[in-house]
Amino acid sequence: MRYEKGHKEQTRQKIVEAASQRFRADGIDAVGVVSLMGEVGLTQGGFYNHFGSKEDLVRESVAMAAASAVERLGARVAASRGESYRALVNSYLSTEHRDAPEAGCVAAALSAEMARRPVETRAAFTDGYTDMVELIVSTLPDSIRGKRRRTLAMAVFASLVGSLSLSRAVADPALSDEILSLGRQSALALVDAG
């Protein structure tokens, strides 16, 4: 059977998108190739027409998820009025972001798992981390200068990821909301203290 030009690339993209969502929602090790390929309407054998291994797919999925998060937050920042770092913090630590890990930041969803992945996969994660830090840097007030901008952005991102991760981990909805609220306050206080 012959396919249209670009079919293979479209199919590969579909697999990466589905994997990116499933990995963030369920965890990397919980997602099998067979179930993932079934979800996109393909067979396990078809997987190897696109990827050499599951780890190749993990690496591409992590890169896609990171780029998507930076793009999405960047758009919210661009649309904000006033202090763009506040828009970023409030968007990141929102109940909508908490409740949709499959569509959210890969750092909050998979940081713990990344620590145990091969160096090539961690390198893709690192690129996404760096891009998010640069986005945060771009939102900081002009009064924060030099190396302090990057250092502060790294601290803010760590605060955001930790707060979001913890808000997802607890079983008590009220406590989860409180963690988000306190996380917002802490991240904003970091920036305000400059």
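Predicted model: local features only at pLDDT ≥ 70, side-chain atom pairs only at ≥ 80, totals over all residues.
Helix H4 comprises the 26 residues 54-79. At 1.5 Å a residue the helix should span 38 Å, and its end C-alpha atoms are 37 Å apart, which agrees with that expectation. The buried residues of H4 are Glu55, Leu57, Val58, Ser61, Val62, Ala65, Ala66, Ala69, Val70, Leu73 and Val77. An α-helix has 3.6 residues a turn, so residues three or four places apart point the same way.

The largest nonpolar core contains 52 residues, of which Leu57, Tyr92, Met132, Phe157 and Leu160 touch the most other members. At least two residues of this core are supplied by each of H1 (7-26), H2 (33-39), H4, H5 (84-92), H7 (106-114), H8 (119-139), H9 and H10 (173-193). The greatest contribution is that of H4, which gives nine residues. Phenylalanine 157, one of the core members with the most contacts to other members, touches Tyr92, Cys105, Ala107, Tyr129, Met132, Val133 and Ile136 when residues up to four places away in sequence are not counted.

A search of the whole structure returned one cavity of 30 Å³ or more. The largest cavity holds about 60 Å³ of space. Its lining consists of Ala66, Ala69, Cys105, Val106, Ala107, Phe125, Gly128, Tyr129, Met132 and Phe157. Nine of these lining residues are nonpolar, one is polar and none is charged. H4, H7 and H8 each supply at least two residues of the lining, and the largest share, four residues, comes from H8. Ala66 and Ala69 of the lining are also among the buried residues of H4.

Alanine 158 lies in helix H9, which covers residues 147-169. With a relative accessible area of 51%, alanine 158 is classed as exposed, because the cut-off for that class is over 50%. The C-alpha atom of alanine 158 is 9.5 Å from that of alanine 108, although the two residues are 50 residues apart along the chain.

Serine 94 is located in the loop between H5 and helix H6 (95-98). Its relative accessibility is 9%, and serine 94 therefore counts as buried, a class that requires a value under 20%. Apart from neighbours within four places in sequence, serine 94 is in contact with Leu180 and Arg184.

Terms used
Residues numbered from 1 in each chain as written. Heavy atoms only, no water. Buried < 20%, exposed > 50% of the residue type's maximum accessible area, 1.4 Å probe, protein only. Expected span 1.5 Å × (residues − 1). Core = buried A, V, L, I, M, F, W, Y, C linked by side-chain atoms within 4.5 Å. Contact = heavy atoms within 4.5 Å. 1 Å grid on protein atoms, 1.4 Å probe; cavity = no way out; pocket = protein on both sides within 12 Å on 5 of 7 lines; lining within 4 Å. Points joined across faces, edges and corners; volume = space filled by probe spheres on them. Nonpolar A, V, L, I, M, F, W, Y, C, P; charged D, E, K, R; others polar.
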